[in-house]
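Keep the viewer open while you read, and take the points in order.

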Amino acid sequence: MTILCNVLDSPKPAGHRALGMSEIVSPEPAMAERQDMTKPRILLADDHTEVLDALRPLLDEVGEVVGMVEDGQALVEAARRLEPDLIISDISMPRLNGLDATRALLACLPQSKVIILTVHREAVYLSLAFNAGARGYLLKRAAVAELPQA
């Protein structure tokens, strides 16, 4: 299945309705406009606000968190606008799951790297994530210890 950059702009099938976007994005300039190239620009995606809030201070030590979103469609839209160096995404999110979002992101922003951060321990998810184009896969329970090194 090929997902193009404009897949999210297409009309929704009958019976589907658009939900309100759950997005928290800092008003940061895009990659081409950045002054400081020393820290990677990071975009976070998870449907649990408490996870986003817990990850932000941890990641602020190793990079610049430029945005946080709560669903896969908002992730693709924010990434297209912000052009982050690194995207950290959950798999299970509303509107567009993290695997489909990863495919769409890499079609639009091949320079961005995606790391999947999830509760899914099954090998099939690991395989699906790498087949979608993810560069890393971490379990949430190991995030505090391993995410800064990833």
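1. Start with β2, which is covered on both faces: Arg41, Leu43 and Ala45 are buried on one side, and Ile42 and Leu44 are buried on the other. That accounts for the strand as a whole, since residues 41-45 make up β2 and 5 of its 5 residues are buried. Bear in mind as you look that this is a predicted model.

2. Now look at what β2 pairs with. Strand β3 (residues 64-69) runs parallel to β2 and is joined to it by 5 bridges. If you want a spot to check this by eye, find Leu44, which stands opposite Met68 in β3. Helix α1 (residues 49-60) belongs to this part too: β2, α1 and β3 form a β-α-β unit, and the unit is right-handed.

3. β2 has another parallel partner, strand β4 (residues 86-89), with 4 bridges between the two. Two pairs are handy here: Ile42 sits opposite Leu86, and Ala45 sits opposite Ser89.

4. Is β4 covered or open on its faces? Both are covered, with Leu86 and Ile88 buried on one side and Ile87 and Ser89 buried on the other. To get from β4 to β5 the chain passes through α3, in a β-α-β crossover that is right-handed.

5. Next, the nonpolar packing. The largest core has 25 residues, and the members that touch the most others are Leu43, Leu75, Ile87, Leu105 and Ile116. Elements giving two or more residues to this core are β2, β3, α2 (72-82), α3 (98-108) and β5 (113-118). Which of them gives the largest share? That is α2, with 6 residues.

6. Leu105 is worth a click. Beyond its neighbours within four places in sequence, Leu105 is in contact with Leu75, Val76, Ala79, Ile87, Pro110 and Val114. There is also a second, separate core of 14 residues, and Leu44, Leu55, Met68 and Leu117 are among them.

7. Last stop: Leu139, in strand β6 (residues 136-139). Which residues does Leu139 touch, leaving out those up to four places away in sequence? They are Leu117, Thr118, Val119, His120 and Arg121. Val119 lies 20 residues from Leu139 along the chain, yet their C-alpha atoms are separated by 5.4 Å.

Technical notes: Residues numbered from 1 in each chain as written. Predicted model: local features only at pLDDT ≥ 70, side-chain atom pairs only at ≥ 80, totals over all residues. Heavy atoms only, no water. Buried < 20%, exposed > 50% of the residue type's maximum accessible area, 1.4 Å probe, protein only. Pairing = 2+ DSSP bridges. Right-handed = clockwise from strand over helix to strand, strands pointing away. Contact = heavy atoms within 4.5 Å. Core = buried A, V, L, I, M, F, W, Y, C linked by side-chain atoms within 4.5 Å.
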